[in-house]
Amino acid sequence: MKKVLMINGSPHEAGCTFTALSEIEASLKKHGIESDLLYLGKKPLSGCTDCGFCAKAGKCVFEDAVNETIARLDQYDAIVAGTPVYYGGPSGQLCCFMDRLCFAGGSRLAGKLAASVVSCRRGGATSAFQRLNQYFAMNNMCLVGSQYWNQVHGFTPEDVRQDLEGLQTMRTLGENMAWMMKNMEAGRNAGVNPPEYEPVIMTHFIR
């Protein structure tokens, strides 16, 4: 069974971001694809401290939603990260989560589909959208697009429900994700193997 993890990075559990994610979920459901919604909540979530623990343990030193997610990553074929826009960027809660998820569990993200979804009252959506996409683009994930940037507009969920173009963009995103998941499954069944990567080379522009 194909499954998608949707991350709600808003402090409002049933707010504008949730409304956008729900539209994607409905599109996926039409194709028999399940979704799990992870709400990060309002409690403080530690940022990465670059302690190096994850390099040896394969998980983060902090036991919270990040490690719970890493333990379940193999269940998911795709990840959708949703956020409101704060000062032109994603929520701090989501950035802390994604920093640690990608640092500690990045090797297990390769080959999965990914998409970012942003919700804003008026502006800053594209810069927040770009910020989130960097997590996926740097971890050998396949970005899923839509008919426009993946954004909805509104100050309340009721406002978002009036953003007809935004809602359609979410539904199209769901359709594209479902289609790509089916194509990837067909490829695996036909014997198409995932990429074989070279050992990672890291430089700092000096050597």
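Predicted model: local features only at pLDDT ≥ 70, side-chain atom pairs only at ≥ 80, totals over all residues.

Author: Helix H2 (53-57) and helix H4 each supply at least two residues of the lining of the largest cavity. H4 provides the largest share of that lining, 3 residues. The cavity count, taken at 30 Å³ or more, comes to 1. About 90 Å³ of space lies in the largest cavity. Its lining has 13 residues, and those closest to the centre are Cys-48, Cys-51, Cys-54, Cys-60 and Phe-103. By class, the lining of this cavity divides into 9 nonpolar, 2 polar and 2 charged residues.

Now follow H4 to the open side. The largest pocket holds about 640 Å³ of space. It is lined by 16 residues, and Cys-102, Phe-103, Gly-106, Met-138 and Asn-139 are the closest to its centre. Two helices, H4 (92-105) and H5 (125-137), each give at least two residues to the pocket lining. H4 gives the most, with 4 residues. Sorted by class, this lining has 9 nonpolar, 5 polar and 2 charged residues.

Ser-91 has a relative accessible area of 2%. The cut-off for buried is under 20%, so Ser-91 counts as buried. Leaving out residues up to four places away in sequence, Ser-91 touches Gly-9, Thr-83, Pro-84 and Tyr-86.

A further opening involves another helix. About 420 Å³ of space lies in the second largest pocket. The lining here has 18 residues, and nearest the centre are Gly-111, Lys-112, Met-184, Arg-188 and Pro-194. Helix H7 (residues 164-189) makes the largest contribution to this lining, 4 residues. The classes are 10 nonpolar, 4 polar and 4 charged.

To put H4 back in view: H4 provides the largest share of the lining of the cavity, and H4 also gives the most to the lining of the largest pocket. For the second largest pocket, the largest share comes from H7.

Key:
Residues numbered from 1 in each chain as written. Heavy atoms only, no water. 1 Å grid on protein atoms, 1.4 Å probe; cavity = no way out; pocket = protein on both sides within 12 Å on 5 of 7 lines; lining within 4 Å. Points joined across faces, edges and corners; volume = space filled by probe spheres on them. Nonpolar A, V, L, I, M, F, W, Y, C, P; charged D, E, K, R; others polar. Buried < 20%, exposed > 50% of the residue type's maximum accessible area, 1.4 Å probe, protein only. Contact = heavy atoms within 4.5 Å.
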